[in-house]
Amino acid sequence: MLVKLIADVHGDLQAVLREASSCDVLLVLGDLINVIDYENAGGILADVYGSDAVRTFSELRRTGRHDEARAHLASLGQGREEDMRAAFLRGIESAHRDFCSSLPDNVVLTFGNVDVPDLIRAHVPPHVRFVDGEVLDLDGTRFGFVGGGLPKVGIPGEVSLDDYAAKVDALGRVDVLCSHVPPAIDDLVHDVRADLREPGSEALLSYIRTHQPSHVYFGHVHYPRVATTQVGTSVLVNVGHHFRSTGCALVHPVLPS
């Protein structure tokens, strides 16, 4: 069985369709939709507030000024708050519908921090598997999946630390661990292009040290200091970085670097 992995596609449905057509199973590890594109000031936020607003918003967030970033967008919508919110929610709903409804039946997906799990469930076709806190047997290999981001800005795709840890613990021993966020290792959580530290999971790191799955796949940090490393015998790979850098999925198993 040929298994590929991809993450952080941010609305690039054509890349998912292309990669799915060349494997038996494509695992999509979250951040399906494009709320904000930090590289070109695009995405749903730009559709609602404009690209200039997104550039300012992005810079404020990059420097950790999250309250100021939210206040900046609020100031642009002053007097039109309900209209702007409605337009944003329509964009979110439409993005989930357009992406999820077109997926082929050999796709397995979980959610990232920018995704809304309930909207994925609402729009994913019956033949496509949406997984979170679950284990799938793929040709005799046990793949465990933990969806969602960690607390940062308070969006639906973020999961509390306790709930996230509970999902990790409930997996039991698996051969391959798949998540959206990386384990809490400095070189994996620091984005060198954005020059900021993203949340990493201590629960994932503890699981890896205890159970030593052969591979751990994740995304979220688009340009980490290190994209592949090892913890004991476990090979840790940021498949989202690989996609953002090459436009392609990775084939499992990835060899140690």
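Predicted model: local features only at pLDDT ≥ 70, side-chain atom pairs only at ≥ 80, totals over all residues.
**Strand E10 and what surrounds it**

Strand E10 and strand E12 (residues 234–238) run parallel and are joined by 4 bridges. Helices (H or I, at least four residues) and strands (E, at least two) are DSSP runs, numbered from the N terminus. Residues are numbered from 1 along each chain as its sequence is written, and side-chain values use heavy atoms, with hydrogens and water left out.

E10 also pairs with strand E7 (residues 176–179), through 3 bridges, and these strands run parallel. Here Val176 has His215 of E10 as its bridge partner. Two strands count as paired if DSSP finds at least two bridges between them. By that rule there is an open sheet of 6 strands in the order E5-E6-E7-E10-E12-E11, with mixed pairing. Strand E5 (134–138) and strand E11 (228–231) are the edge strands, each pairing on one side only. From one strand to the next, the twist averages 20 degrees.

Within E10 (residues 215–218), His215 and Tyr217 point one way, Val216 and Phe218 point the other way, and all are buried. Buried means under 20% relative accessible area, exposed means over 50%, and partly exposed is in between, with a 1.4 Å probe and protein chains only.

Helices lie across the sheet. Helix H10 (residues 239–246) lies across E10 and E12, at about 40 degrees to E12. For these angles, axes are lines fitted to C-alpha atoms, for helices over the stretch in contact, and the values run from 0 to 180 degrees between N-to-C directions. Contact means heavy atoms within 4.5 Å.

Next comes the nonpolar interior. A nonpolar core is a set of buried Ala, Val, Leu, Ile, Met, Phe, Trp, Tyr and Cys residues joined through side-chain atoms within 4.5 Å. The largest has 59 residues, of which Leu26, Val107, Leu109 and Leu177 touch the most other members. H9 gives the most to this core, with 5 residues. Apart from it lies another core of 20 residues, including Val25, Leu29, Phe143 and Val239. Not counting residues up to four places away in sequence, Val107 touches Val16, Ala20, Leu26, Val28, Val128 and Arg129.

The model has 1 aromatic pair. Rings of Phe, Tyr and Trp (its six-membered ring) pair if their centres lie within 6.5 Å; planes under 30 degrees apart count as stacked, over 60 as edge-to-face and the rest as tilted. The pair is Phe111 with Phe130, and it counts as tilted because the ring centres are 6.3 Å apart and the planes are at 45 degrees. Phe111 is in the loop between strand E3 (107–110) and helix H6 (117–123), and Phe130 is in strand E4 (residues 129–130), 19 residues apart. Both Phe111 and Phe130 are buried.

Phe111 is also among the contacts of a lysine. Lys167, in helix H7 (residues 161–170), counts as buried because its relative accessibility is 15%. Leaving aside neighbours within four places in sequence, Lys167 is in contact with Phe111, Asp132, Val146, Gly147 and Val159.

Ala249 is in the loop between H10 and strand E13 (250–252). Ala249 has a relative accessible area of 10% and is therefore buried. Its contacts, leaving aside neighbours within four places in sequence, are Lys4, Leu5, Ile6, Glu19, Leu26 and His242. Although Ala249 and Glu19 are 230 residues apart along the chain, their C-alpha atoms are separated by 6.5 Å.

Asp187, in helix H8 (residues 186–189), counts as partly exposed because its relative accessibility is 34%. Leaving aside neighbours within four places in sequence, Asp187 is in contact with Pro224, Arg225 and Val226.
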